[in-house]
Amino acid sequence: MKMQNLIIPITGCLFFLSQTLSAQQFDLSSSGYFQDRGVEVMAFDDIYPEGHQGGVSLIMHGNRVATNGNIRLEPTPGQWQPVPKQRNRKLDHAANTITAWLSFPDSSRHLTGFNPMIYPDLTLDYVVTVKGEGRSVIVTVDLNRPIPTELIGKVGFNFELFPGALFGKPWIMDGKSGIFPQQPNGPTLAEQANIAHTGNFNPDGQASIDQLIGHGYSPIIADDIIAEPYAVGRRFTVRPDDPYNRFTIESRGAELKLFDGRMNHNNGWFVVRSEVPAGITKGAIQWIITPNVVNDWIYNPVIQISQLGYHPAQPKVAVIELDKRDNRKEIPKLFQITDTGEKEVKAGQASEWGQFLRYNYLKFDFTNIKQEGLYQIKYGNSCSSVFRIAKDIYDRGAWQPVLEYFLPIQMCHMRVNEKYRVWHGCCHLDDARMAPVNFNHIDGYVQGPSTLTAYQSGDIVSGINIGGWHDAGDFDLRIESQAGETYILTLAYEAFNVDYDATSIDQNMRITEIHQPDGKADLLQQIEHGTLSVIGAYRALGRLYRGIICNDLRQYVLLGDAMTMTDNVIGNDDDRWVFTEENPIRELTSAAHLAAASRVLKGFNDTLSIQSLDAAREIYKITDGTSWAKSAKIHAAVELFLTTGEKEYKDYLLSESTYIAENIGRIGWFIGRADKKMNDRSFSQTIHNAMLSLVSQLEELGAETPYGIPYRPHIWGAGWDIQAFGFRHYFLHKAYPDIFGAEYIYNALNFILGCHPGSNTSSFASGIGARSATIGYGLNRADWSYIPGGVVSGTALIRPDFPELLEFPYLWQQVEYVMGGGSSHYMFLVLAAQQLLSDD
């Protein structure tokens, strides 16, 4: 695939309005951003700058082309560099302005938090005013003080350009022209790093600066070596060749510089930047941004369907997404594709659903079409992908890639082969050393004042270099991803009796061979692999781990073979760290997961089965299950009762019937199986009444979107949450079929497979369906590639109302793979649909 084609093309499938349009003007709309026909300028509505969502953003004719317009402290910052704190935002429709008040530092992130940052010794308040003025938007920055001498040239206004749409495309800076390159090109430029002027804004911060920096290249220092700018000038034009993507930036003061952020961060974007001049406060930055507005452009209708297809007996509804300005009424048509061409088999007026986010929606129901074959839907000039209707739609290449590829490839402490290919070598055999105490690490790992074990900080913890799966591209093993993944696979095995063998897994030799059957059920082998990690750590530590993660940032951002992260030699400085914590919710939830795993491991690995049950019992017994942890304790009691049938757990559940009923939204999905087995009439009636209330809530939420599922987008892609909802709903439906129908299961599955908002209708499941996410944030993301069976996070929200799924490997909030449900929930949904449809 050519990288310059990675953004979803909108301009190639346009139709036009033949009506008189008013004069061009960027007006502040009721949606809270500036708009002139098909071009919008957002300002300080988004709140995720480290994920390239924030500041001033530009959307042109259906594509976000630039973002993060804001003051930054480096020419090309990455996710680890300081971001300002936004204090206020005001819209003034009379003045046609958006004003934001911001400041440095954000002390809540200095050497602390989920991803700690290092702020330089700079205290700065500033105001950014964005004003619509005719065909342009004016950006003005006012400071409360001049920039300190030592930071002159470091503080500037940055505007990030999405690289996936620009490779091989032209730019012009004053009289100089160029082409955006496929790779970052030298020469480099050395500067003094901000680390030389570190501030003291959070005395209680527990992150170690030395540990964060590490040795050699450091991702947290983004300003010591950068690329020389490609151009310097006063007027910069992006894509002068393309009217749909052309925009110009003019600076009234400081020079404009074009940088390539990929020189010091592989996931960087192109950056246009003006440095704040010395001694200037009022109007320190003044930019005029002029996007080209194509007068008669309108968003092309998008037909959203399952890219995999449909079983003849399941509901089949296409969703058609329209520009709010589109008043044309086309007739959707369904064509069957035969060996002699296409023939129309259904046509009819689509039902109007209404507005969701920024679009209007129609729904085209073709459930009555049951004949097997190939089909395509057309609406005006728009076409869906070709899809199948077939009874065997879920029998091959549907859920199987999760088990054949994704889970084996993610296996830690193993070498993973696929015929000629080695996905990664045998890795992390030197796991792990005890984490430092009173330490705020990266990615949410925090060690308190004690190790909570007999081990001291730095001690080698033996017996935990076994089992587990790498989480996404980060390679860490979190308790919720390890135990949680094991649990989902366990419930899938119990519900669907999946006896599928395509992989050889040799725990003694630590070798996995993809597409080399070994006579054992792959699902049981994966359940075993996850349980080995959790129980190995439990037996070694005497408690659950929080997780295992690399000890510095250079390791964390590794792009490549997991085997190269450490040297596999136990007891030196590159070993990963194991963290512990006091977290009753996670501990009791993990007890539920282990109790369930012990059931299916019985007869497959009896020793591990017994160890899992023993650990689950002990955790249940010693962990505080009151207050916020009560739901987790009920979950553990359910799985322990289902595993053992013991009175202790049944009595506890009966005693908490009122609490369960009051919290049925959280507990309902797993209580049903225990309800049937306990066979207590009073308890069952209480739960049944609560379920009636729950179904009403779900129906109300499901009606909020044209996709027939509860879906309230925030920032991250919602695919994983929707899968999890469908997974839970399966158990509600199976336990209480008179109350809960199966429609949410199908709707959730179809959402993942392509029936979701936005112009990119790819299946979130990589390699599954006619069109799928084949650029994912996994271990091979640097190759702009994917892992079959991995399920990406999915369509994200550019606030307040723009759904986006870019084909770009470094946007974790859109295309990341994870463990703990990211792919296994999808697999479960397909198996559920397969089972339910075969029962009809």
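This is a predicted model: local features need pLDDT of at least 70, side-chain atom pairs count only at pLDDT 80 or more; totals for chains, interfaces and linings use all residues.
Good morning. By buried I shall mean a residue with under 20% relative accessible area.

Tyrosine 310 belongs to strand S22, residues 309–310, whereas phenylalanine 366 is found in the loop between strand S27 (359–365) and strand S28 (373–379).

How many aromatic pairs does a search of the whole structure find? The total is 47. Among them is the pair formed by phenylalanine 104 and tyrosine 119, whose ring centres lie 6.5 Å apart. Their planes meet at 55 degrees, so this pair is classed as tilted. Phenylalanine 104 is in strand S7 (residues 97–104) and tyrosine 119 in the loop between S7 and strand S8 (124–133), so the pair ties together parts 15 residues apart in sequence. Both of these residues are buried.

Ring pairs also join into a cluster, whose members are Phe162, Phe167, Phe180, Trp269, Phe270, Trp784, Phe808 and Tyr810.

Two aromatic rings carry a charged neighbour. Arginine 546 lies over the face of tyrosine 445, at 5.6 Å from the ring centre. In the other case, the charged end of lysine 630 sits over the ring of tyrosine 659, at 4.9 Å from its centre.

In soluble globular proteins, nonpolar side chains tend to be buried together. The largest nonpolar core here has 178 residues, and those with the most contacts inside it are Ile634, Ile671, Met691 and Tyr826. Helix H16 supplies the largest share of this core, namely ten residues. Methionine 691, setting aside neighbours within four places in sequence, is in contact with Ile664, Gly668, Ile671, Leu732, Tyr736, Ile739 and Phe740. A second, separate core of 66 residues includes Phe104, Tyr126, Leu161 and Trp784.

Finally, what does glutamine 835 touch, not counting residues up to four places away in sequence? Its contacts are Ala495, Phe496, Tyr730 and Lys734. Glutamine 835 lies in helix H16, which covers residues 824–839. With a relative accessible area of 17%, glutamine 835 is buried, because the limit is 20%. Thank you.

Key. Residues are numbered from 1 along each chain as its sequence is written. Side-chain values use heavy atoms; hydrogens and water are left out. Rings of Phe, Tyr and Trp (its six-membered ring) pair if their centres lie within 6.5 Å; planes under 30 degrees apart count as stacked, over 60 as edge-to-face and the rest as tilted. Helices (H or I, at least four residues) and strands (E, at least two) are DSSP runs, numbered from the N terminus. Buried means under 20% relative accessible area, exposed over 50%, partly exposed in between (1.4 Å probe, protein chains only). A charge sits over a ring if NZ of Lys or CZ of Arg is within 6 Å of the ring centre and within 35 degrees of the ring normal. Contact means heavy atoms within 4.5 Å. A nonpolar core is a set of buried Ala, Val, Leu, Ile, Met, Phe, Trp, Tyr and Cys residues joined through side-chain atoms within 4.5 Å.
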